[in-house]
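Dear colleague,

Please find the structure below, together with its sequence.

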Amino acid sequence: MLLETWVLWTFLAASMQAVRTAGQKQLAEVVSPLTATLVRYLFGLPFALLYLAFLAEQRDWQFPELNSVFLWSGLAAGILQIIATILLIRLFGMRNFAVGTTFVRSEILLTALIGIAFFTEQIDLLGWLAMFASVAGLVLISIARQDGIGSVWNLSAAFGLGAGLAFALTSLFLRQASLSLGSDDATFTAAMTLVYMVLLQTLICLFMVSVSRPKEIVLLGARLPSALFVGVTSVLGSAGWFTAMTLQSASYVKVVGQAEFLVTLLLSIFYFKEKPTPLELLGMGLIITGAVLLLLS
């Protein structure tokens, strides 16, 4: 039953992340990546608070005691997620929607490698084969519209891999924060972590936008439906990721989260009217193959 629970939470998270990212891409056409990132947190915070209040009511408002690991890990995860989101939105201006998000799939490999080195994650031989397949896929995508193998380390690769690294660290730190609360109720501790992170992220991004691009805050008022859509889907997705990663290793959650790829590809083809090249599709296929192998491991 535990396996079924975290898999379902992951499917919810992957689906919501795909549609939320599509909404952010549209907003990024009229505002800066930083302001598009702010929307995710500012308009998601009220819904995150309502979600936590709903769960707290069922527990008679009994909260586990906070600790330094929770506070510092949540802060690190929050800052890293801001960085990752900004890099992801910047990436969309350089490659198409499906290819851009596929680049960020490097977080699967990075989550496993960093987890093994610093967070006691474990990967077997089949898992390593899966990672090599995924790396090959990333290389194919990188060279698909460039000038061959010499163009692998281009700017779009740097943005994609940077976003993947930041997302990987975010996953590991948020799992550490949620588990540090020492409660058997994974849904509730994940919700507490979610609210803490989103509150910090809202304050950080709101300050940065107010200082650097204050006029863009006014622009959001004219796009309230889109902003609310991003906020709601962001909270639903984050609740899914946080709960799944509290229940299961971050590496395996990231693997099952590749369900997002299918949603992303459909959005790319039928909504954004973007068609990946055959070499890009081959690269994406290798990444998905790697994900399946890692799940089997």
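**Packing of helices 3 and 11**

In this predicted model, helix 3 (residues 45-58) packs against helix 11 (residues 224-247) at an angle of about 45°, their axes lying 8 Å apart. Axes are lines fitted to C-alpha atoms, for helices over the stretch in contact, and angles run from 0 to 180 degrees between N-to-C directions. Helix 3 is therefore oblique to helix 11 (under 35 degrees is roughly parallel, over 145 roughly antiparallel, 65 to 115 roughly perpendicular, and the rest oblique). Phe47, Ala48 and Tyr51 of helix 3 meet Leu228, Val232, Val235, Ala239 and Thr243 of helix 11, contact meaning heavy atoms within 4.5 Å.

**Core and overall fold**

The chain has 14 helices and zero strands; these are DSSP runs, helices (H or I) of at least four residues and strands (E) of at least two, numbered from the N terminus. Of its 297 residues, 54% are buried (under 20% relative accessible area, 1.4 Å probe, protein chains only).

The largest nonpolar core has 38 residues, such a core being a set of buried Ala, Val, Leu, Ile, Met, Phe, Trp, Tyr and Cys residues joined through side-chain atoms within 4.5 Å. Helix 9 gives the largest share of this core, 11 residues. Phe242, among the residues with the most contacts inside the core, touches Leu174, Ala190, Thr193, Leu194 and Met197, leaving aside residues up to four places away in sequence.

**Conventions**

Residues are numbered from 1 along each chain as its sequence is written, and side-chain values use heavy atoms, without hydrogens and water. Local features need pLDDT of at least 70 and side-chain atom pairs count only at pLDDT 80 or more, whereas totals for chains, interfaces and linings use all residues.

With kind regards

Technical notes
Buried < 20%, exposed > 50% of the residue type's maximum accessible area, 1.4 Å probe, protein only.
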